[in-house]
Amino acid sequence: MDSLDFLLPHIRLSSLQYHSDNTEVVTIALHGWLDNANSFSPLMAANPKHHVIAIDWPGHGHSQHRGVDASYQLLDYVYDLYTLIEHNKWQKVNIIGHSLGAIVASIFTGTFPGLVNKLVLIEALGAISSKPQDTRELLKKSIVNKYREQTKKSSNKGYDSFEKAVLARTMASDFNSDIAKILVERSLVEIDGGYKWRSDSRLKQLSPMRMVEQQAVDLLSGIEHETLLILGEDGYLSLRKTLSERMAVMPNLNVQTLAGGHHLHMEHPEPVWELISQHLFK
C-alpha cells in the first residue's frame, strides 16, 4: 500500500493505492459520507494483486477541504471524479462505490458511460430523491441550516484521547468499535493535548435541492455496463423503497445480498471481495 496525492486543477485529493505494479484496468474505490479511504482497508486485505486506488473525497480523510465559498453538493463529487479520471488520462476505469460513493459512481457512469468499464455499488443505487412538493421546505431548511452552521462557534472541540474519538464514532454509527477505529485512524489530526476531526464541518450541511425520482431513474438508464449491487441484510431500508423501479432500467445489473449492515464491506470483507473480484476481474 502506498499513499498517493492527486493535484487536480481545483483541489488536492489524497488516496491509498494498492498493487500499483499491476498494469490492468485502474479500479477506483469511493467511500461514503464522513468515512475515508480506510473504509476499504479490510477489503484490500483480501485483495491479493489487483490495482485499486481508494481516494479520500474532498473534506474527508487527508484530502483538501473545498474553498471558503464552496459547499459539498452531490454533483460537485461527480465533477471531482470526472476531473480525477481526465487529469490522469485513465481509460475505462472500474469503480467500486459505497453509500455516497455508490451514488456518485452511478450518476457518473450514467452521464459518462464511455469512461467506465465495470461498476460495483455497495448499499446505494442512484441519487436520493424527493417529491416535487417538498422542494420549498427542503430549500428553506438548507438555507437556515447553512446560516446557523456558519455563524455558530465550532463544535469540533476535540478529544483528549484516541479512544474517546473512537467511542464517539461508534456511538454515532451502526458498527462496532473495531470498525470505528479503522475509520478514525484516518479521520483525526493531533492538536495540543489531544485530537480533533480532520473532516470539514460543512459536510453536515443539508442539500438545498434533490432530484425527483424520474431524474434519478433517467441517470441510471444510461448504465448498460455490467454492474454489481451488493446489499447488506441489515442495511439501510430506505434503499429498498425505490429499488425495483430503478433495477428495471438497468439490464446488466446483478443484485447480491450478504450478511451485514450498511458497512458490510468492512464487517465481512472476504465474501464481499469474492463477489467483487469475480465481477471485475474474471
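Lys-89 is found in the loop between helix H2 and strand E5. Helices (H or I, at least four residues) and strands (E, at least two) are DSSP runs, numbered from the N terminus. Lys-89 has a positive phi of about 55 degrees although it is not a glycine. Most residues other than glycine have a negative phi. With a relative accessible area of 67%, Lys-89 is exposed; the word exposed stands for over 50% relative accessible area, buried for under 20% and partly exposed for what lies in between, with a 1.4 Å probe and protein chains only.

The model is a predicted one, in which local features need pLDDT of at least 70 and side-chain atom pairs count only at pLDDT 80 or more, while totals for chains, interfaces and linings use all residues. Residues are numbered from 1 along each chain as its sequence is written, and side-chain values use heavy atoms, with hydrogens and water left out.

A second residue with a positive phi is Glu-123, where the angle is near 60 degrees, and this residue too is not a glycine. Glu-123 sits in the loop between E6 and helix H4 (135-151). Is Glu-123 buried or exposed? Its relative accessibility is 3%, so Glu-123 counts as buried.

Next comes the sheet. Eight strands form an open sheet in the order E1-E2-E4-E3-E5-E6-E9-E10, and the pairing is mixed. Two strands pair if DSSP finds at least two bridges between them. Which strands stand at the edges? They are E1 and strand E10 (253-258); each has a single partner strand, so one side of each is left without a neighbour in the sheet. From one strand to the next, the twist averages 20 degrees. Axes here are lines fitted to C-alpha atoms, for helices over the stretch in contact, and angles run from 0 to 180 degrees between N-to-C directions.

Helix H10 (residues 269-281) packs on this sheet and touches strand E3 (27-30), E4, strand E5 (93-98), strand E6 (116-122), strand E9 (227-232) and E10. The direction of H10 makes about 160 degrees with that of E6.

At one end of the strand order, strand E1 (residues 2-7) pairs with E2 in the antiparallel sense over six bridges. E1 and E2 form a hairpin, with four residues between them. Within this pair, Ser-3 stands opposite Leu-16 in E2, and Leu-4 stands opposite Ser-15 in E2. In a regular strand the side chains alternate between the two faces of the sheet. E2 is also joined to strand E4 (residues 52-55) by four bridges, and these two strands run antiparallel. There, Leu-16 has Ala-54 in E4 as its bridge partner. Strand E2 (residues 12-18) is mostly covered, with six of its seven residues buried.

The helices also pack on one another. The axes of helix H2 (residues 74-87) and helix H3 (residues 100-111) come within 9 Å and cross at roughly 70 degrees. That makes H2 roughly perpendicular to H3; angles of 65 to 115 degrees count as roughly perpendicular, under 35 as roughly parallel, over 145 as roughly antiparallel and the rest as oblique. Which residues of H2 meet H3? They are Leu-74, Leu-75, Tyr-77, Val-78, Leu-81, Tyr-82 and Ile-85, and they meet Leu-100, Ile-103, Val-104, Ile-107 and Phe-108 in H3. Contact means heavy atoms within 4.5 Å. The residues of the contact of H2 with H3 are twelve nonpolar, no polar and no charged. Ala, Val, Leu, Ile, Met, Phe, Trp, Tyr, Cys and Pro count as nonpolar, Asp, Glu, Lys and Arg as charged, and the others, Gly among them, as polar.

Thr-83 also lies in helix H2. At 7% relative accessibility, Thr-83 counts as buried. Not counting residues up to four places away in sequence, Thr-83 touches Leu-8, Pro-9 and His-10.

Phe-162, Ala-165, Val-166, Arg-169 and Thr-170 in H5 meet Ser-177, Ala-180, Lys-181, Leu-183 and Val-184 in H6. By class, this contact has six nonpolar, two polar and two charged residues.
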